[in-house]
Amino acid sequence: MTPAPKRPMFAADSIGAPLGFSVFRRIWLASLLSNLGLMIQSVGAAWAMTQLTSSADKVALVQTALMLPIMLIAMPAGAVADMYDRRMVSLASLVVSLVGASALTALEWSGAATPNLLLAFCFIIGSGMALFGPAWQSSVGEQVPPEVLPSAVALNGISYNIARSFGPAIGGIVVATAGAVAAFAANAVLYIPLLVVLLLWRRKTEASRLPRERLNRAIVSGVRYIANSPSIRVVLMRTLITGICGGSVSALMPLVARDLLHGGAQTYGIMLGAFGMGAVIGALNIGHVRKYLSGEASIRACALIMGVAIAVVAVSREPVLTAAALVVAGSVWMLAVALFNIGVQLSAPRWVAGRSLAAFQAAIAGGIAIGSWGWGHLTDSVGVEMALLVSGVAMFASPLFGLWLKMPPIGARDEDADMLADPEVQLHLTGRSGPLVVEIEYRVDQEQARAFHGVMQDVQLSRQRNGAYGWSIARDIADPELWTERYHCPTWMDFLRQRNRSTQSERALYQRAVDFHLGPDPIRVRRMLERPFGSVRWKDDTPDLAAREVLPVSTPAGSSG
């Protein structure tokens with residue numbers, strides 16, 4: 001599914017390198033227009049809410065309505081992106097957002113908008129974008145080669161933040177001159193270029209040798225992979241914390257413009273534009289930051305600087321000073337989010353990339369949604385200035401979480417390994433036959449027992465995140481050199497999937513375990529079908545369903561269980 005490489009127009013290590021690939025360039029430019037429309041719509045919705053109600057809670061809920069769907073449907077959206085053609089998923093999700101934007105335009109034009117209806121249609125638009133995000137982001141690896149993937153991730157962030165720089169200012173002008181209805185209509189129109197570009201993309205696909213997972217099983221597989229991946233878990237937790245602490249900026253920006261700066265829709269747009277301009281500056285410098293600072297040092301620096309910047313926004317009454325602080329805040333915010341995103345992208349293999357990115361989106365969107373709700377409630381009680389000060393202090397203190405949740409090092413992407421041959425079987429099996437029990441016997445020098453056991457703890461996580469359960473390692477009390485690894489897979493088809501989901505580093509890990517094995521004989525592997533009572537054909541004339549099911553062709557077995 002990788003694109004045919006073409007001679008790039010930029011140096012391989014430059015931020016513009018991905019733009020040398022025509023498919024990425026066209027989709028990137030179209031997504032820039034789509035993001036611009038979304039920013040214009042956000043300004044219109046937030047300002048329309050200030051005209052419909054004086055409640056700070058309702059104003060902050062506009063941001064929540066747009067971001068909450070990402071948290072709620074992220075994992076199903078990621079599973080769908082991994083299971084189906086990502087281009088078609090992207091097209092379907094854009095149609096959902098287009099319908100929501102068109103309906104919101106008609107509602108505002110007719111004068112029938114109410115605070116609750118406005119929030120409802122923002123939720124529909126957000127739902128479409130929540131479905132779009134995992135399919136779009138996980139398809140980036142199909143548009144560019146692995147060596148420029150980090151730059152492509154940064155460029156996608158730049159696309160959003162270029163729109164964030166100019167979209168709010170344009171939105172402020174549009175709302176001030178033509179009303180919120182024009183902002184909603186502009187959003188609907190600017191979805192069209194991205195729809196056209198995706199329709200014209202001839203995505204290369206490879207037919208899977210194994211049947212597609214059901215949606216519920218795919219969601220479980222994604223959750224299981226993340227739960228057994230310590231590096232991804234840490235990144236997601238830090239992302240959630242950052243989103244909660246920093247969500248005050250976007251949620252309370254209309255109130256900053258109205259109550260602290262005593263401005264109108266145009267002032268609000270300019271302030272959001274300053275934040276977005278800073279984000280572009282941050283994204284352009286992500287290569288330098290990654291070169292000179294570790295992931296943990298980068299995130300700590302970003303949090304400390306953003307905490308100070310939020311406090312300046314809280315106490316400032318001068319638009320120029322507020323805008324300058326927002327440029328700084330936007331820069332470090334974008335750096336932090338991009339580093340989190342790159343960490344997830346490079347940690348997840350292709351088969352679960354959509355679900356891993358969906359979890360990342362859920363973490364950042366959930367953090368912003370929860371933070372927006374919390375900061376809105378706090379503002380109703382203590383005012384905008386105090387709420388922002390509390391947010392700044394929380395952000396400044398957030399690096400303390402690094403003592404327990406230290407950011408993992410970010411290296412090259414762990415590529416998928418080659419498919420293994422299927423084991424030979426003599427028993428009639430269907431894809432649903434199971435549970436399957438796998439036992440692997442190792443003979444290990446007693447002096448190497450502790451080192452072997454340490455490696456097997458990593459093997460456990462690898463087996464479990466790829467689909468195994470009930471894993472154990474046992475040592476024979478009568479023959480201390482003999483160790484038995486044992487794990488289960490729910491069905492024969494699940495075993496075949498688990499067996500072939502290993503990445504190159506996981507295959508290397510399995511080989512490290514095998515290298516401990518002593519003697520001339522190879523390790524012994526037993527694969528057994530666990531048969532509960534009643535599962536065996538007790539009569540000769542009982543139909544054998546296994547004989548009717550066509551399975552992938554079995555060839556001589558490979559290693560790794």
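This is a predicted model: local features need pLDDT of at least 70, side-chain atom pairs count only at pLDDT 80 or more; totals for chains, interfaces and linings use all residues.
## Overall make-up

The protein chain has 561 residues, of which 55% are buried. Its secondary structure consists of 20 helices and four strands. Among contacts between residues at least 6 apart in sequence, 85% join residues at least 24 apart. The chain exposes about 24,000 Å², and carbon and sulfur atoms supply 63% of that area.

## Nonpolar cores

The largest nonpolar core holds 98 residues; Phe24, Val144, Leu236, Met306, Leu326 and Leu388 touch the most other members. Helix H15 (residues 319–347) gives the largest share of this core, 16 residues. Leu326 touches Val249, Met253, Met271, Ala274, Phe275 and Val313, leaving aside residues up to four places away in sequence. Another core, of 33 residues, lies apart from it and includes Ala45, Met49, Leu195 and Trp201.

## Helix H14

Helix H14 spans residues 295–315. From first C-alpha to last, its 21 residues reach 31 Å, close to the 30 Å expected at 1.5 Å a residue. Its buried residues include Glu296, Ser298, Cys302, Met306, Ile310 and Val313. Among the elements covering the buried residues of H14 are helices H10 (230–246), H11 (248–260), H12 (265–284), H13 (286–292) and H17 (384–397), together with H15.

Glu296 counts as buried at 4% relative accessibility, whereas Arg300, at 32%, counts as partly exposed.

## Salt bridges involving the strands

The model has 15 salt bridges. In one of them, Glu439 pairs with Arg486, with the closest N and O atoms 2.8 Å apart. Glu439 lies in strand S1 (residues 436–443) and Arg486 in strand S3 (residues 482–489), so this pair ties together parts 47 residues apart in sequence. Glu439 is buried, with a relative accessible area of 14%; Arg486 is partly exposed, at 30%. Both residues belong to a network of salt bridges that also links Glu441 and Arg526.

Strand S3 also contains Glu485, while Arg463 lies in helix H18 (residues 449–465). Glu485 and Arg463 form a salt bridge, the closest N and O atoms being 2.8 Å apart, and the pair ties together parts 22 residues apart in sequence. Glu485 is buried at 0% relative accessibility, and Arg463 is buried at 2%.

## A buried polar side chain

Gln143 lies in helix H5 (residues 140–143) and counts as buried at 3% relative accessibility. The side chain of Gln143 makes a polar contact with the side chain of Ser139 (3.1 Å).

Definitions and conventions. Residues are numbered from 1 along each chain as its sequence is written. Side-chain values use heavy atoms; hydrogens and water are left out. A nonpolar core is a set of buried Ala, Val, Leu, Ile, Met, Phe, Trp, Tyr and Cys residues joined through side-chain atoms within 4.5 Å. Buried means under 20% relative accessible area, exposed over 50%, partly exposed in between (1.4 Å probe, protein chains only). Helices (H or I, at least four residues) and strands (E, at least two) are DSSP runs, numbered from the N terminus. Contact means heavy atoms within 4.5 Å. A polar contact is a pair of N or O atoms within 3.5 Å; within protein, one must be able to donate a hydrogen and the other to accept it, and residues adjacent in sequence count only if both atoms are side-chain atoms. The expected span of a helix is 1.5 Å times one less than its number of residues. Accessible areas come from the Shrake-Rupley method with a 1.4 Å probe; for residues, only the protein chains shown count as cover. A salt bridge is a side-chain nitrogen of Lys or Arg within 4 Å of a carboxyl oxygen of Asp or Glu.
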